[in-house]
Amino acid sequence: MLSSQPWTPLHAQIHRTLRKRQLLPKNQNILIAVSGGQDSLSLAKLLLDLQSKWRWKLAICHCNHRWRSDSEANANHVEKLAQKWQLPFYLSVTNQELKSEAAAREWRYQALIEVAQTDNYGYIVTGHTASDRAETLLYNLTRGSGADGLQSLTWRRNLTEKIQLIRPLLEITRLETAQFCSDFQLPIWTDSTNEELKYKRNRIRLELIPYLKQNFNPQVEKALAQTAELLQAEVEFLENTAQEIKQKASLNASITQINRLILRSTPLAIQRRVMRQFLQENLGFAPSFEQIEKITALITAPNRSCTDPFPGGAIAQVENDWICWKKS
Ligand SMILES: Nc1ncnc2c1ncn2[C@@H]1O[C@H](COP(=O)(O)OP(=O)(O)OP(=O)(O)O)[C@@H](O)[C@H]1O
């Protein structure tokens, strides 16, 4: 029986991944974000089984979005599991109406950060899988994203100066977590909204991926996750290079002027990234492709050329060797 013999190939794989990528060092305080679904249950069980090797202090946090009629029952279900596993349990319940998936995600991360800050957890871990990575890639591809959006689910991300988000399951597919839950009889809480085809994400998972599996590649999730992995390293390299060039091209670290002579000698990929960073700093939000193209064109435009106004009324204008940000 598997339940009396908890070391499986999945345990070995996660153990290897954690070591190779140095995701969760020994003796750390780790907060596991558990929705109750198959992925986060598998994650919690795997970390629990590896705990003695790594000497972590583990805890579980569930966030109640108050979205479904069974939200409270879902939270109680996760709490009972935490008790069974003898792990500290935190519950965050929203007091605002969360109107979209994006709003829910934003609130959830904020809630997790608050718990981590209060009780000193340096790591928050989530159960995102290779399947999520593949779906995110496809979703962003249909929206015209560049490499940054296609690699978007990363192994680690700084949430604050002291708290990192870690996603240890990015090489495991949802099929594997389902099998793991079945092997260990983990009680999955099924989220009924996961089946609703009105959400694009769900259509990708329930219609597009099965189509690709059947007609193109049975291993399509792993293949797409691999693409995301390759892109991740390339994006990191390009973004760091763009940051260095931007520093060189900025006058006295001013965010409102940038030297276009320096930019002219760099490849278009870097020019776009530098101008995106420049715009983001001045606009205060992520610029669109068209906005980046408009300002990038100024690198080679005649003196005094300018863009039409950006939201808020500011324009960018060429002044000899400089592109200047001019507020209205
Ligand atoms: N309500 C929640 N409370 C705590 N953590 C959550 C919650 N919802 C999602 N998460 C975390 O974010 C990860 C990804 O969320 P996503 O919505 O893609 O997954 P899910 O469909 O809710 O369920 P699961 O990934 O557990 O199967 C989850 O694996 C989990 O770690």
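Predicted model: local features only at pLDDT ≥ 70, side-chain atom pairs only at ≥ 80, totals over all residues.

Colleague: How far apart are the end C-alpha atoms of residues 221–248?

Modeller: According to an unreviewed UniProt entry, this stretch is a "coiled-coil region". In the model, residues 221–248 are 100% helix and 0% strand. The distance between their end C-alpha atoms is 41 Å.

Colleague: And how far apart are the end C-alpha atoms of residues 263–307?

Modeller: UniProt lists this span, in an unreviewed entry, as "domain: tRNA(Ile)-lysidine synthase substrate-binding". The span is 58% helix and 0% strand. Its end C-alpha atoms are separated by 18 Å.

Colleague: What percentage of the 328 residues in the protein are buried?

Modeller: The protein has 12 helices and nine strands, and its C-alpha trace spans about 75 × 50 × 40 Å along the principal axes. Buried means under 20% relative accessible area, exposed over 50%, and partly exposed in between (1.4 Å probe, protein chains only). Of the 328 residues, the buried ones make up 48%.

Colleague: Are the axes of H5 and H9 parallel or perpendicular to each other?

Modeller: The axes of helix H5 (residues 130–142) and helix H9 (residues 220–249) come within 8 Å and cross at roughly 75°; such axes are lines fitted to C-alpha atoms, for helices over the stretch in contact, and angles run from 0 to 180 degrees between N-to-C directions. The contact (heavy atoms within 4.5 Å) includes Leu 137 and Leu 138 of H5 and Leu 224 and Ala 228 of H9. Angles under 35 degrees count as roughly parallel, over 145 as roughly antiparallel, 65 to 115 as roughly perpendicular and the rest as oblique. H5 and H9 are therefore roughly perpendicular.

Colleague: How many residues of the contact of H1 with H2 are charged?

Modeller: The axes of helix H1 (residues 9–21) and helix H2 (residues 38–54) cross at roughly 55° and come within 10 Å, which makes H1 oblique to H2. Among the residues in contact are His 11, Ile 14 and Arg 19 of H1, and Leu 46, Asp 49 and Lys 53 of H2. Ala, Val, Leu, Ile, Met, Phe, Trp, Tyr, Cys and Pro count as nonpolar, Asp, Glu, Lys and Arg as charged, and the others, Gly among them, as polar. On that basis the contact of H1 with H2 has seven nonpolar and two polar residues, and the number of charged ones is three.

Colleague: Is Gln 291 buried or exposed?

Modeller: Gln 291 is found in helix H12 (residues 289–296). Leaving aside residues up to four places away in sequence, Gln 291 touches Leu 279, Leu 283, Phe 285, Phe 310 and Pro 311. Because its relative accessibility is 13%, Gln 291 counts as buried.

Colleague: What is the C-alpha to C-alpha distance between Ala 111 and Ser 92?

Modeller: Ala 111 is found in helix H4 (residues 101–119) and is buried, with a relative accessible area of 7%. Not counting residues up to four places away in sequence, Ala 111 touches Cys 63 and Ser 92. Ala 111 and Ser 92 are 19 residues apart in sequence, and their C-alpha distance is 6.4 Å.

Colleague: Which phi does Gln 185 have?

Modeller: Gln 185 sits in the loop between helix H7 (174–183) and helix H8 (200–215). At 63% relative accessibility, Gln 185 counts as exposed. Although Gln 185 is not a glycine, its phi is positive, at about 50°.

Key
Residues numbered from 1 in each chain as written. Heavy atoms only, no water. Helix = DSSP H or I, 4+ residues; strand = E, 2+ residues; numbered from the N terminus. UniProt positions renumbered as here; feature names shortened; annotations may be inferred.
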